[in-house]
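Dear colleague,

I am handing over the structure below, and I would be grateful if you could look through it before you set anything up. My notes on what was found follow directly after it.

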Amino acid sequence: MRTSSAGRHARNQRGVVFPSPVVMLSIIAVAMAGIAFVATQGQPPTEREIAAPVAQETVKPAPTLQTKKPKPIKPAVKRGSVYVEVYNNSGITGLAGKVAARTTDAGWQVVGSDNWYGTIPTSTVYYPKRLEAAAKLLALDLGIGRIAPAVDPMRLDRLTVILTADAA
């Protein structure tokens, strides 16, 4: 080894020089892009071509005179054939009885009224799947704005009305 007059080692020693971190990150990024390119070759493109809609002329038929009057639509629900239970979930005494009487006056077949214990957000008509149309009609008759599918322990052969303080 050579030493300089100051006693230091000369710079002729061999070693490894590491490139800067920026160069290393660039090399890694290029390698990853190359791998991604090779891995996705041969797959169908995920882009779809969207064609502009073609304008079509609409031809209106000539107006015709109707000689027959349209038949009135019969209501699909017979109120008297649907069972209804009315429950009070408010602190208002006699609410279920009053609404049950109103329901009977509207033509529904009320089979019971009682108190309901639980948490109901607002007055609701609960229905089994086959009585959904009847539930909509009953809610309309009583001025109740919410209907929902019946849940356990409700019976599935009738509508269940649960009243809260908003029904008073």
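In helix H2, which spans residues 95-105, the buried residues are Leu95, Ala96, Val99, Ala100 and Thr103; buried here stands for under 20% relative accessible area, exposed for over 50% and partly exposed for what lies in between, with a 1.4 Å probe and protein chains only. Because these residues cover an arc of only 125 degrees around the axis, they sit on the same side of H2, the arc being that of the directions from the helix axis to the C-beta atoms. On the other side of H2, Lys98 and Asp105 are exposed. The buried residues of H2 pack against strand E1 (83-88), strand E2 (109-115), helix H3 (132-142) and strand E5 (159-163), where contact means heavy atoms within 4.5 Å. After H2 comes Gly107, which has a positive phi near 105 degrees. Helices (H or I, at least four residues) and strands (E, at least two) are DSSP runs numbered from the N terminus.

Before going further, please keep the origin of the coordinates in mind. This is a predicted model, in which local features need pLDDT of at least 70 and side-chain atom pairs count only at pLDDT 80 or more, while totals for chains, interfaces and linings use all residues. Residues are numbered from 1 along each chain as its sequence is written, and side-chain values use heavy atoms, with hydrogens and water left out. The protein chain averages a pLDDT of 81, and 70% of the residues score at least 70; pLDDT is the predictor's confidence in each residue, from 0 to 100.

Turning to strand E1, five of its six residues are buried, so E1 is largely enclosed by the rest of the structure. E1 pairs with E2 in the parallel sense over six bridges (pairing requires that DSSP finds at least two bridges between two strands), and Val86 stands opposite Ser113 in E2.

Tyr87 also belongs to strand E1, and it is buried, with a relative accessible area of 16%. Leaving aside residues up to four places away in sequence, Tyr87 touches Ala96, Asp114, Asn115, Trp116, Thr160, Val161, Ile162 and Leu163. Its side chain is joined to that of Glu85 by a polar contact of 3.1 Å, that is, a pair of N or O atoms within 3.5 Å, of which, within protein, one must be able to donate a hydrogen and the other to accept it, with residues adjacent in sequence counting only if both atoms are side-chain atoms.

The count of aromatic pairs comes to one, given that rings of Phe, Tyr and Trp (its six-membered ring) pair if their centres lie within 6.5 Å, and that planes under 30 degrees apart count as stacked, over 60 as edge-to-face and the rest as tilted. Tyr87 and Trp116 form an edge-to-face pair, at 5.2 Å centre to centre and with 65 degrees between the planes. Since Tyr87 lies in strand E1 and Trp116 in the loop between E2 and E3, the pair ties together parts that are 29 residues apart in sequence.

Finally, Ser123 lies in the loop between E2 and E3 and is buried, with a relative accessible area of 4%. The side chain of Ser123 makes a polar contact of 2.5 Å with the side chain of Asp166, and a polar atom of the Ser123 side chain lies 2.9 Å from the backbone nitrogen of Thr164.

With best regards
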